[in-house]
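Me: Hi! Could we go through this one together? I'd like to start with the ligand site and then look at the aromatics.

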Amino acid sequence: MSLVIGVTGGIGSGKSTVADLFAAKGIDVIDADIIARQVVEPGTPGLNAIEKKFGRSMLTSEGALNRSALRAHVFSHPEDKAWLNALLHPKIREAMIEQTQQSTTPYCLLVVPLLVENGLQSLCQRVLVVDVSENTQIKRTGLRDNSSVEQVKNILNAQASRTERLAIADDIVNNDGDDKELIPQIDALHAQYLQLAAP
Ligand code: ADP
């Protein structure tokens, strides 16, 4: 079983960019966003339960989850949002544990945007925080998602603060510089994790 390194950071901090650099070294990357989609794929107990509770209107004509319909519905129905979280969070957690256990690399990354918010630190042995200033987050997220300063600020306010995230960090990557500045930081962490993972 691999050493599990949790990777977190706010929106646009560079989690995917950092994870790609570890993946290029052959390290397994498990992504919470992908798992969150897997647990509601057609034919899963997750999607079946959603259809049973809310009806066909939450599915697309192809039978997949209609994400925007579900998002709009739970936005205005907090009790249904709580129901949905109670349904999906345990499934996501189970899948994360299963996938980290299946990893065959000396260590693996578990990338979880809302690690702090959802208290998922217990699934990893160490937490690596990708840290940037709010200005960098706003600028890069705006460029990537074509979103306004206002929209990014709203998302930032709904997420854990930079301070809350740094409080649980074992390791920190600073990503305010250009992407070349990530390389030596990732190289050093890779060496450190290999050493920690050594029998
Ligand atoms: P996250 O996964 O944390 O949301 P991403 O890795 O997608 O963040 O990075 C957000 C955006 O910023 C992407 O478009 C990415 O290409 C870009 N980016 C990430 N790191 C840097 C950097 N050091 N310099 C310039 N652009 C960057």
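This is a predicted model: local features need pLDDT of at least 70, side-chain atom pairs count only at pLDDT 80 or more; totals for chains, interfaces and linings use all residues.

Me: Which residues come nearest to the ligand?

Reply: Lys15, Ser16, Thr17, Arg144 and Asn175 do, out of the 13 residues around the ligand.

Me: What does the side chain of Arg144 reach on the ligand?

Reply: An oxygen atom: an N or O atom in the Arg144 side chain is 2.8 Å from it. Backbone atoms take part too. Gly14 has a backbone N or O atom 2.9 Å from a ligand oxygen, and Asp179 has one 3.3 Å from a ligand nitrogen.

Me: And how much of the ligand does the protein bury?

Reply: The protein buries 75% of the 560 Å² that the ligand exposes when taken alone.

Me: Which elements give two or more residues to the shell?

Reply: Helix H1 (15-23) and helix H6 (134-145). H1 gives the most, with 3 residues.

Me: Nice. Switching to aromatics: how many pairs are there in the whole structure?

Reply: The search finds 4 aromatic pairs. Take Phe54 and Trp83: their ring centres are 5.5 Å apart and their planes stand at 85°, so this pair is edge-to-face.

Me: Why edge-to-face?

Reply: Because planes over 60 degrees apart count as edge-to-face, and the planes of Phe54 and Trp83 are at 85°.

Me: Which parts does that pair tie together?

Reply: Phe54 lies in helix H3 (residues 45-54) and Trp83 in helix H5 (residues 78-102), so the parts tied together are 29 residues apart in sequence. Phe54 is buried at 16% relative accessible area, while Trp83 is partly exposed at 26%.

Me: What about Tyr107 and Tyr193, how do their rings pair up?

Reply: Edge-to-face, with 5.2 Å centre to centre and 65° between the planes. Tyr107 sits in strand S3 (residues 107-111) and Tyr193 in helix H9 (residues 182-197), so the pair ties together parts 86 residues apart in sequence.

Me: Are those two tyrosines buried or exposed?

Reply: Buried: Tyr107 has 0% relative accessibility, and Tyr193 has a relative accessible area of 0%.

Methods. Residues are numbered from 1 along each chain as its sequence is written. Side-chain values use heavy atoms; hydrogens and water are left out. A residue is near a molecule or strand if one of its heavy atoms lies within 4 Å of it. A polar contact is a pair of N or O atoms within 3.5 Å; within protein, one must be able to donate a hydrogen and the other to accept it, and residues adjacent in sequence count only if both atoms are side-chain atoms. Accessible areas come from the Shrake-Rupley method with a 1.4 Å probe; for residues, only the protein chains shown count as cover. Helices (H or I, at least four residues) and strands (E, at least two) are DSSP runs, numbered from the N terminus. Rings of Phe, Tyr and Trp (its six-membered ring) pair if their centres lie within 6.5 Å; planes under 30 degrees apart count as stacked, over 60 as edge-to-face and the rest as tilted. Buried means under 20% relative accessible area, exposed over 50%, partly exposed in between (1.4 Å probe, protein chains only).
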